[in-house]
Amino acid sequence: PTRPGYRGELVVSELNANDTELRGNPYKAMGYRYISAAITLFFCALVMVSIYVWITLFDGKIGIAASICLSASIKIFEVIFRPVAVWTTNLENHRYESDYTDALIWKNVAFESINYYYPFIYIMVFAKFTDAGCPSVGQYGQDCIWALRRSLMITVFILVGCFRVFEVFKLWAVARLKLKLEDWNAETEDGGPPPRAFMEEQAKYSKFEIQDQVETMLQLVLSLGYVVLFGAVAPVVVVIIWAVFVLQLRGSAWLLSHSCRRTFPEDKMGEGAWRRAVELILVLGVVSSALVLVIHGEAFKGTYLLTKITFTFIFVVAAFISWQVLAQEFPEKDQQTQLMLRKRDYVMRTVSKLGYTVSPPMGTQREAENLQRIAGAQFAEVPRLNPAHPGWTAVDTAENQEENEHINVPEDEEGGELHQRIIP
């Protein structure tokens with residue numbers, strides 16, 4: 001169905017001339033999407049500039065104060081971009097809810113990936129080639145790997161762990177404060193507030209809309225990205241992210257049941273966009289692993305740039321080939337299950353053809369009834385599929401012979417009727 005926020009003019013439908021539909025201007029929508037992409041890129045560039053300022057401000061020294069400032073900067077940019085992402089997505093005027101959700105997901109993934117990962121990618125890849133060199137870390141001196149490890153541990157703990165606890169507590173505290181204020185204002189002469197209905201209590205809770213759903217899933221995807229991109233350099237991040245996953249899942253469940261309004265039940269959307277985002281992070285993880293080896297590995301010190309580029313290319317290609325081999329040997333879905341689903345789909349399509357070959361008016365009524373039974377998996381109620389059904393013999397009697405002349409039952413290779421092969 002068309003999204004409620006879709007904007008357009010009421011025109012005659014292209015599918016049915018007797019009906020009307022909303023239709024927006026496609027050229028205007030395309031122009032707004034270019035503007036939306038430009039705004040997202042602008043914020044990404046702003047984050048990159050802020051990281052350069054952060055490195056310069058602390059004179060290349062990575063400590064607790066620098067990591068706290070970095071965490072605060074990342075969170076400030078996130079809070080600023082969140083309403084911008086919603087506004088630009090609304091500006092694009094998507095017709096369907098699934099397209100709207102996918103566009104919102106990709107904007108958040110694109111910006112937050114730069115916002116969360118670029119500081120550490122800068123330290124890992126680019127800092128060594130700047131005039132200032134690698135950041136200094138106490139007794140280790142100028143060492144990019146140790147600077148990356150220390151900054152990662154502190155920033156991830158503060159950013160992903162502490163801030164999530166604060167967000168859950170904030171929503172719970174706001175809901176309880178609203179309820180308490182209402183109780184104080186509604187106290188009766190007996191000394192207590194009147195009983196509150198469930199819907200009245202729900203009205204005081206915070207909304208959990210599409211943007212909130214995207215934000216909840218985005219925290220998990222970004223946390224997984226830390227493991228994929230930097231887990232080989234800083235293994236302790238794996239333990240921290242495991243704790244973050246436990247906290248995020250339990251905290252989100254508690255939040256939805258205690259501090260947010262009951263969500264409207266609807267079909268799940270955005271799964272394809274999240275899957276592609278995770279696949280992109282996996283690809284970036286392979287590239288980052290290769291770059292760590294050629295930039296900081298002892299074996300590549302003093303080698304030519306062409307040698308490093310060649311090894312990176314071979315490493316990435318070998319990783320992709322390994323993925324394909326493993327996917328063939330260990331498929332994601334069970335082959336027997338897929339075969340059973342294909343068989344069921346084949347039977348459904350074939351049985352549907354039996355109903356469509358019956359001529360009206362009797363055929364139309366039987367078609368509607370049989371298709372409704374098939375959709376409900378009530379195959380025993382379809383006369384031509386169940387020999388025990390009272391209507392099984394009626395289709396071959398002389399009384400219904402004239403009607404059966406219009407029934408075009410397909411035959412198998414041996415000439416037998418199809419229902420005899422489907423139903424043993």
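Being four residues apart in helix 6, Tyr 226 and Phe 230 are separated by about one helical turn. Both residues belong to a predicted model, and Tyr 226 is buried, as is Phe 230.

**Nonpolar core**

The largest nonpolar core holds 59 residues, and the members that touch the most others are Trp 54, Tyr 117, Leu 148, Leu 152, Tyr 226 and Phe 230. Two or more residues come from each of helix 1 (26–57), helix 2 (64–92), helix 3 (97–126), helix 4 (144–185), helix 6 (210–230), helix 7 (236–258) and helix 8 (271–296). Helix 3 contributes the most, with 13 residues.

Leu 152 illustrates the packing. When neighbours within four places in sequence are set aside, Leu 152 is in contact with Phe 120, Phe 157, Tyr 226, Phe 230, Ala 234 and Val 237.

**Aromatic pairs**

Across the whole structure, 17 aromatic pairs are found. Two of them are set out below.

| Pair | Centre to centre | Angle between planes | Geometry |
|---|---|---|---|
| Phe 43 and Phe 111 | 6.2 Å | 85 degrees | edge-to-face |
| Tyr 226 and Phe 230 | 6.3 Å | 40 degrees | tilted |

Phe 43 belongs to helix 1 and Phe 111 to helix 3, so their pairing ties together parts that are 68 residues apart in sequence. Phe 43 counts as buried because its relative accessibility is 12%, under the 20% cut-off. Phe 111 is likewise buried, at a relative accessible area of 0%.

Tyr 226 and Phe 230 also take part in one aromatic cluster together with Tyr 116, Tyr 117 and Phe 120.

Notes. Residues are numbered from 1 along each chain as its sequence is written. This is a predicted model: local features need pLDDT of at least 70, side-chain atom pairs count only at pLDDT 80 or more; totals for chains, interfaces and linings use all residues. Side-chain values use heavy atoms; hydrogens and water are left out. A nonpolar core is a set of buried Ala, Val, Leu, Ile, Met, Phe, Trp, Tyr and Cys residues joined through side-chain atoms within 4.5 Å. Buried means under 20% relative accessible area, exposed over 50%, partly exposed in between (1.4 Å probe, protein chains only). Contact means heavy atoms within 4.5 Å. Rings of Phe, Tyr and Trp (its six-membered ring) pair if their centres lie within 6.5 Å; planes under 30 degrees apart count as stacked, over 60 as edge-to-face and the rest as tilted.
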